[in-house]
Amino acid sequence: MLQTSLSRKAVAEGVGTFALVTAGCGAIMVDTLTHSLTHVGVALTFGLIIMVMIAATGHLSGAHFNPAVTIAFALTRHFPWRQVPFYILAQILGAVLGAVVLRGLFGPIASLGATIPSGGVWQSFGLEVLLSAVLMMVIISVATDTRAVGQLAALAIGAAVALDAMWGGPISGASMNPARSLGPALIASAWQDQWIYIVAPIIGTCLSAALYQWLRATPDIKPTESIKN
């Protein structure tokens, strides 16, 4: 089987994160301009772009598109730590490039889709931890457990993103992803409470991944070594 080099994996991660920002944050901006998508349409756009890009690049890089997911996989030994910096750098660069493209297309509309809490700071922090934990539970189960239906990974993860965005978005922005938040924040200079979107997703994904590792550890079934790296 042909192995994908680390540089190609990183590029695939950058492309996927670029698509996430341009489609998802772009949907926020288009809805601000036209009022045609609604909150539900924006949430579905985030879910659909994740689903599509997992299907397109999952066999190349594992389709993390999210530093918090990459760290959680490494923490639970499903991903090599030596590759973590390359993945995170590629994800952030992809998100920044996506924000630059949106700035050029639409101007400084809606802070380029930056995540800014609508509720209280700690309410948004707690919600981001919870939403990220739910997302990671789905990701790690379908990506690493042979008992799960792996063919449905893209659909399940995309649906989890859309569901989280649908009910959590109006309060916290439902980022669940430090790169997705950092890209628009950097280009739009929207730094209000951005620490939430770096710290909370990492906490949520790591706690959830550790919980699933415990849940799956049955005596008669050996956990799989890793997802596609």
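**Loop, helix and core features of the predicted model**

L112 is placed in the loop between α4 and α5, where helices (H or I, at least four residues) and strands (E, at least two) are DSSP runs numbered from the N terminus. The model is predicted: local features need pLDDT of at least 70 and side-chain atom pairs count only at pLDDT 80 or more, whereas totals for chains, interfaces and linings use all residues. Residues are numbered from 1 along each chain as its sequence is written, and side-chain values use heavy atoms, with hydrogens and water left out.

L112 has a phi near 60 degrees, a positive value in a residue other than glycine. With a relative accessible area of 1%, L112 is buried; buried means under 20% relative accessible area, exposed over 50%, and partly exposed in between, with a 1.4 Å probe and protein chains only. A positive phi in a residue other than glycine also occurs at T38, where the value is near 70 degrees. T38 belongs to helix α2 and, at 44% relative accessibility, is partly exposed.

The loop between α4 and α5 also contains T115. T115 is buried, its relative accessible area being 2%. Not counting residues up to four places away in sequence, T115 touches S172, G173, S175, R180, S181, Q194 and Y197, contact being defined as heavy atoms within 4.5 Å. The side chains of T115 and S181 make a polar contact at 2.6 Å. A polar contact is a pair of N or O atoms within 3.5 Å; within protein, one must be able to donate a hydrogen and the other to accept it, and residues adjacent in sequence count only if both atoms are side-chain atoms.

UniProt, in an unreviewed entry, places the feature "transmembrane region" at residues 12–30, 42–65, 86–109, 121–140, 152–175 and 195–215. These positions are given in the numbering used here, feature names are shortened, and annotations may be inferred rather than shown by experiment. In the model, the span 121–140 is 100% helix and 0% strand, and its end C-alpha atoms lie 28 Å apart. For residues 42–65, the corresponding separation is 18 Å, with 83% helix and 0% strand.

The largest nonpolar core has 47 residues, and those with the most contacts inside it are I50, I54, F73, L135, M136 and I157. At least two residues of this core come from each of α1 (6–34), α2 (38–61), α3 (67–75), α4 (84–106), α5 (121–144), α6 (153–172) and α8 (196–216). Apart from this core lies another, of five residues, among them F125, I196, Y197 and A200. A nonpolar core is a set of buried Ala, Val, Leu, Ile, Met, Phe, Trp, Tyr and Cys residues joined through side-chain atoms within 4.5 Å.

I54 is in contact with A63, F65, A154 and I157, leaving aside neighbours within four places in sequence. L135, in helix α5, is buried with a relative accessible area of 6%. Under the same exclusion of neighbours within four places, L135 is in contact with I157, A160, V161, D164 and M176. The C-alpha atoms of L135 and H78 are separated by 17 Å, and the two residues are 57 residues apart along the chain.

Helix α8 has 21 residues and should span 30 Å at 1.5 Å a residue; its end C-alpha atoms are 30 Å apart, which agrees. The expected span is 1.5 Å times one less than the number of residues. Buried residues of α8 are I196, Y197, A200, P201, G204, T205, C206, S208, A209, Y212 and R216, and they pack against α3, α5, α6 and α7 (178–188). I198 is also placed in α8 but is partly exposed, at 34% relative accessibility. Leaving aside neighbours within four places in sequence, I198 is in contact with P178 and L182. I198 and A114 are 84 residues apart along the chain, and their C-alpha atoms are separated by 13 Å.

The structure holds zero disulfides, a disulfide being a pair of cysteine sulfur atoms within 2.5 Å. C25 is buried with a relative accessible area of 0%, and C206 is buried with a relative accessible area of 14%.
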